[in-house]
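Hello,

Here is the structure I promised to pass on. My notes on it follow below.

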Amino acid sequence: MTSFLDPVIAVVSAHPWLAYLTLFLAALLEAIPVAGALVPGSTIILALSALVPGGELQLWGVLAAAIAGAILGDGSAFWAGHRSQRQILGAWPMSKYPGVMAQSETFFHRWGTLAVLFARFVPPIRAFVPVTAGALGMSPAVFFGVNIPAVLAWAFAHVLPGVLAVSALHEYAGLPHHQHTGKHLWILAVFAVAIIALGVRTLRRRQARTGLRPGAGPT
């Protein structure tokens with residue numbers, strides 16, 4: 001795995017704009033209905049944040065790319081819902097995910113304006129709440145008044161952990177920057193957690209479809 005990561009780090013060092021574009025697209029696609037349930041945007045952002053302490057990427061550039069992508073994605077989804085109203089909630093491709101759409105609407109009715117804030121940190125409904133908010137009549141001023149601070153908090157929460165963790169590994173564990181060991185450890189940990197989380201979510205979905213629960217067995 002480290003033999004794969006080293007060329008990636010080298011490419012980013014030589015062409016950092018590719019990493020910023022990747023961060024922008026990851027945040028953008030993660031905020032779009034349906035695509036957001038499939039694109040591991042948060043995982044990509046968490047992983048690439050490891051390249052800030054060594055200077056391959058700049059902190060301001062990583063934050064700016066993530067924030068711009070998320071605001072554009074959330075805003076586009078909201079305006080699509082705002083213009084089409086409730087009919088968009090049953091249109092393709094949202095119609096292929098009735099369970100998530102129902103969950104998103106329930107989440108919105110339960111939390112109201114705060115749903116826009118909370119959803120930023122709750123996949124997979126993160127990608128569905130903005131369009132739901134628009135479709136159910138939330139005003140643009142209220143939506144963006146909550147969404148923009150939420151995106152800022154989300155971006156810092158996804159970028160700073162990697163920056164601080166890798167910096168701490170080099171500063172206090174004595175790992176040299178030029179060997180990329182701290183970056184390797186953080187990136188591998190991020191992808192390992194993402195794979196485990198995906199596996200748990202897949203297992204829960206299968207259990208929900210079959211009516212099984214953990215610990216239940218044939219009688």
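The crossing is right-handed.

Please keep in mind that this is a predicted model. Mean pLDDT for the chain is 86, and 91% of the residues score at least 70. Of the chain's elements, helix H5 (residues 59-84) has the highest mean, 95. Helix H1 (residues 2-14) has the lowest, at 76. Where pLDDT is low, the predicted coordinates should not be read in detail.

Which residues make the contact between H2 and H5? From H2 come Tyr 20, Leu 23, Phe 24, Ala 27 and Leu 28. From H5 they meet Gly 61, Val 62, Ala 65, Ala 66, Ala 68, Gly 69, Ala 70, Leu 72 and Gly 73. By class, the residues of this contact are 11 nonpolar, three polar and no charged.

One more residue, Leu 29. Leu 29 sits in helix H2 (residues 16-30). Is Leu 29 buried, exposed or partly exposed? Its relative accessible area is 33%, so Leu 29 is partly exposed: buried would need under 20%, exposed over 50%. Leaving out residues up to four places away in sequence, Leu 29 touches Ala 35, Gly 36 and Val 39. Gln 85 lies 56 residues from Leu 29 in sequence. In space, the two are 22 Å apart, C-alpha to C-alpha.

Best wishes

Terms used
Residues numbered from 1 in each chain as written. Predicted model: local features only at pLDDT ≥ 70, side-chain atom pairs only at ≥ 80, totals over all residues. Heavy atoms only, no water. pLDDT = per-residue confidence, 0-100. Helix = DSSP H or I, 4+ residues; strand = E, 2+ residues; numbered from the N terminus. Buried < 20%, exposed > 50% of the residue type's maximum accessible area, 1.4 Å probe, protein only. Contact = heavy atoms within 4.5 Å. Left-handed = near helix turned anticlockwise from the far one by under 90°. Nonpolar A, V, L, I, M, F, W, Y, C, P; charged D, E, K, R; others polar.
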